[in-house]
Amino acid sequence: MSWIPFKIGQPKKQIVPKTVERDFEREYGKLQQLEEQTKRLQKDMKKSTDADLAMSKSAVKISLDLLSNPLCEQDQDFLNMVTALDTAMKRMDAFNQEKVNQIQKTVIEPLKNIFRSIPALPFSVMELRVCRETATGQSTLLHSPPLGFGSVFPSLSMAVKRREQALQDYRRLQAKVEKYEDKEKTGPVLAKLHQAREELRPVREDFEAKNKQLLDEMPRFYGSRLDYFQPSFESLVRAQVVYYSEMHKIFGDLTQQLDQPGHSDEQRERENEAKLSELRALSIVADD
């Protein structure tokens, strides 16, 4: 990550141990992978909810098309059946919309907000936070992840850039010190050497502080990622449970309205096949 193609102005001394650089690159790479996975998850969740809404809207349209069929004016039993179906489809669509709204609020938006940039925010936002927002859904309490998580990845990128800049300054001043150390120790040279060392000290301390903070906090954040993602996934599961519980009730009621007492599934299948056979026997639908 910090490889430099030209050695001009670079120190002879290895100022950052290779093991430290490897540790840094490994931890940063894990967070970069987490960022990409989170982006994909957010996009897939959006596609899933869009498909859910399209399904329930299509079901409502089908029931409305059936209601406009002239047969509904001619056959009261058919009208009653289609009306019951239309009522069930509209109830399904309403619950589906509520489910999607909950998922949007507690899963999709928090994942999307992860990539919202807040330039002034320090990397310390990765400290674990206890406070969480809550959103109340029907018959369940849905927990939303903290909005502070929304700035983590942009802040991480900025913190890495600040560390890299501090490292470049450290290398430049270390090379300057080494240059005077290699010269003959005359009075002017010793004075410049002393000044260069004084300039180097705060820069070295600044880099070491930034490097230590990142090496401490990146593994801590990666290790605590479930503390941020788990509430969203719990909200997703609970929203699905509420939705499918309601679907069980809606279609159970619809089945009772449409069922003919004393008819088994096999009897209904035979009756339907008999009616289809009658239709196939008509001359207007006969095969040529």
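Me: Which backbone oxygen does the side chain of Ser56 reach?
Reply: That of Leu53, at 3.2 Å. The model is a predicted one. A polar contact needs N or O atoms within 3.5 Å, and 3.2 Å is within that limit, so the pair qualifies.

Me: Why is Ser56 called buried?
Reply: Its relative accessible area is 0%. Buried means under 20%, so Ser56 is buried. Ser56 sits in helix α1, which spans residues 18-67.

Me: Leaving aside neighbours within four places in sequence, what is Ser56 in contact with?
Reply: Met92, Asp93 and Asn96. Contact here means heavy atoms within 4.5 Å.

Me: Why does Val16 count as buried?
Reply: Val16 has 3% relative accessibility. The cut-off is under 20%, so the label holds. Val16 lies in the segment before α1.

Me: Which residues does Val16 touch, not counting those up to four places away in sequence?
Reply: Glu21, Leu167 and Phe207. Leu167 is 151 residues from Val16 along the chain, with 8.9 Å between their C-alpha atoms.

Me: Why does Ala159 count as buried?
Reply: Its relative accessibility is 7%. That is under 20%, so Ala159 is buried. Ala159 belongs to helix α4, residues 152-182. The C-alpha atom of Ala159 is 9.5 Å from that of Asn211, a residue 52 places away along the chain.

Me: What makes Arg26 and Asp23 a salt bridge?
Reply: Their closest N and O atoms are 3.0 Å apart. The rule asks for a side-chain nitrogen of Lys or Arg within 4 Å of a carboxyl oxygen of Asp or Glu, so this pair passes. Both residues lie in helix α1, 3 residues apart, or about one turn. Asp23 and Arg26 are also linked with Glu27 and Lys30 in a network of salt bridges.

Me: Why is Arg26 called partly exposed?
Reply: Its relative accessible area is 44%. Under 20% would be buried and over 50% exposed, so Arg26 falls in between. Asp23, at 33%, is partly exposed as well.

Me: How do you know that Glu36 and Lys39 meet in a salt bridge?
Reply: The N to O distance is 4.0 Å. The rule reads within 4 Å, so the pair counts. The two are 3 residues apart in helix α1, about one helical turn.

Me: Which residue forms a salt bridge with Asp65?
Reply: Lys61, with closest N and O atoms 3.2 Å apart.

Me: Why does Lys61 count as exposed?
Reply: Its relative accessibility is 52%. Exposed means over 50%, so Lys61 qualifies. Asp65, at 42%, is partly exposed.

Me: How many salt bridges does the count come to?
Reply: 21.

Me: How many residues has the largest nonpolar core?
Reply: 21, and those with the most contacts inside it are Leu31, Leu34, Ile103, Leu156 and Met218. Helices α1, α3, α4, α5 and α6 each supply at least two of its residues. The largest share, 5 residues, comes from α1. Another core of 13 residues lies apart from it, with Ile15 and Tyr180 among them.

Me: Which residues form a nonpolar patch on the surface?
Reply: Leu276, Leu279, Leu282 and Ile284, with about 410 Å² of accessible area together. Leu276 has 39% relative accessibility.

Conventions:
Residues are numbered from 1 along each chain as its sequence is written. This is a predicted model: local features need pLDDT of at least 70, side-chain atom pairs count only at pLDDT 80 or more; totals for chains, interfaces and linings use all residues. Side-chain values use heavy atoms; hydrogens and water are left out. Helices (H or I, at least four residues) and strands (E, at least two) are DSSP runs, numbered from the N terminus. Buried means under 20% relative accessible area, exposed over 50%, partly exposed in between (1.4 Å probe, protein chains only). A polar contact is a pair of N or O atoms within 3.5 Å; within protein, one must be able to donate a hydrogen and the other to accept it, and residues adjacent in sequence count only if both atoms are side-chain atoms. Patches are made of residues with over 30% relative accessible area and no salt bridge: like charges are joined within 9 Å, nonpolar side chains (Val, Leu, Ile, Met, Phe, Trp, Tyr) within 5 Å. Accessible areas come from the Shrake-Rupley method with a 1.4 Å probe; for residues, only the protein chains shown count as cover. A nonpolar core is a set of buried Ala, Val, Leu, Ile, Met, Phe, Trp, Tyr and Cys residues joined through side-chain atoms within 4.5 Å.
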